[in-house]
Amino acid sequence: MAKKKRNRWWITVAPLYAFTIFFVALPLVYLLVLSFMTRAQTWGVVNEFTLDNYLRIGKPVYLNTFKESFQLAVLTTVSTLLIGYPFGYFMARLSKKAKARMMLLVVIPFWTSALMRMYGWIIIFRSKGILDKVLMGLGITASPLKLLYSYPAVLVGMVYSLLPFMILSVYSSTDKMDWSLVEAARDLGATKWRAFLTVTLKMTLPGILSGIVLVFIPSMGLFFIADILGGGKVMLVGNLIQNQLQSGRDWPFAAALSVVLMLFTSMMIWIYRKAAEVRELEGLL
C-alpha cells in the first residue's frame, strides 16, 4: 500500500519536474553557456570561450543603457506606488458589490492586447491628437506639446501597463487587514495620520513590497513600450538585447546582457525576501 502511494506521488510530481527542467533550467544553462561563446564573423557563434562579452558591458555606452533602464524602472515604480496605493487602499474599504465593480475595471485592460493599448496612447500623444486638442481647447497650451516619442510618453506607458499589479497587491494586503487594530490605535489617542503610519502602513507593507517587485522587474525589460512610444529615442536594456539579436546578430553579447539583467533582477527579489524576513522577525518580537 505504501509503495503504491509512493508511485502515485511520483506520477503527480513528475510533470512539474519535467516542466521545470525543460522550460526553465535548460534554457538558463544554454543562455549562460552562450554568453561565454564567441560571435562568428558571418552568422551564429563559435565554440570558443571568451570573457569579452561581459567586458563589453563595462563600456560607457552600455553602462549608460543600464543606468537609464534603472532610472526609468525607479520612476515607474514610484509613480505606480503613489497612484496605486491610495487606489488599492480605498478599493478595499468599499462594499462587496463596489469592490467587484472596481476589480472589473482594474482587470479589463488585461482582456485586450498590450500592443493595441500602446497604439491607443499614440492617438492620445501624437501632435494635434486628443490630448493636444483638450489642452488647447481649455487654453492651457497654445501649441501642440509633441509628447509622442519622448521620455515622458514612455514613462506614462510603463505606469499604465504596470499600475494594475501595484493596485492588486495593495488591495490584497489591505483587504486582509484587521481594522480593529486601527480602531484601537485611535481609541488610545493616535491621530488618523499617526494610526495610518504606525498600523495601516506596516500591515500593508507586504503588499507594497510585492507590488514593487511586480512593477520594478518587468519595467527593466519592457522594450516594446520604449519602441512604440519612444520611437527609438529611449534605449532600455531590453531594446539593446533585441537590437543585438536582430540587426547585430551578436547572440553571445545578447546572452551576456540577459545574464546581467537576470542577476540584477534576482538581486531585487533577494532584497524583497530579506525585507519580508525582517518584517516577520519584527512581528514575532
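The following conversation walks through a predicted model, from its overall form to single residues.

Biologist: What should I know about the numbering and the limits of this model?
Modeller: Residues are numbered from 1 along each chain as its sequence is written, and side-chain values use heavy atoms, with hydrogens and water left out. Because this is a predicted model, local features need pLDDT of at least 70 and totals for chains, interfaces and linings use all residues, while side-chain atom pairs count only at pLDDT 80 or more.

Biologist: How many helices and strands does the protein have, and what is its radius of gyration?
Modeller: Helices (DSSP runs of H or I, at least four residues) and strands (runs of E, at least two) are numbered from the N terminus, and the protein has 13 helices and two strands. The radius of gyration is taken over C-alpha atoms, and the globule rule is 2.2 Å times the number of residues to the power 0.38. That rule gives 19 Å for 285 residues, so the protein is more spread out than a compact globule, with a radius of gyration of 24 Å.

Biologist: Is Asn 239 buried or exposed, and which side chain does its own side chain meet in a polar contact?
Modeller: Asn 239 is in helix H12, residues 237-248, and it counts as buried because its relative accessible area is 2%. A polar contact is a pair of N or O atoms within 3.5 Å; within protein, one must be able to donate a hydrogen and the other to accept it, and residues adjacent in sequence count only if both atoms are side-chain atoms. The side chain of Asn 239 reaches the backbone nitrogen of Leu 236 at 3.0 Å. At 3.0 Å, the side chain that it meets in a polar contact is that of Asp 227.

Biologist: What is the phi of Tyr 149?
Modeller: Most residues other than glycine have a negative phi. Tyr 149 is found in the loop between helix H6 and H7, and at 38% relative accessibility it counts as partly exposed. Its phi is a positive value in a residue other than glycine, near 60°.

Biologist: How are the rings of Trp 121 and Tyr 160 arranged?
Modeller: Rings of Phe, Tyr and Trp (its six-membered ring) pair if their centres lie within 6.5 Å, and planes under 30 degrees apart count as stacked, over 60 as edge-to-face and the rest as tilted; by this rule the count comes to 16 aromatic pairs. Trp 121 is buried at 18% relative accessible area, whereas Tyr 160 is partly exposed at 29%. Trp 121 lies in helix H5 and Tyr 160 in helix H7, so the pair ties together parts that are 39 residues apart in sequence. With centres 5.5 Å apart and planes at 70°, the pair is edge-to-face.

Notes
Buried means under 20% relative accessible area, exposed over 50%, partly exposed in between (1.4 Å probe, protein chains only).
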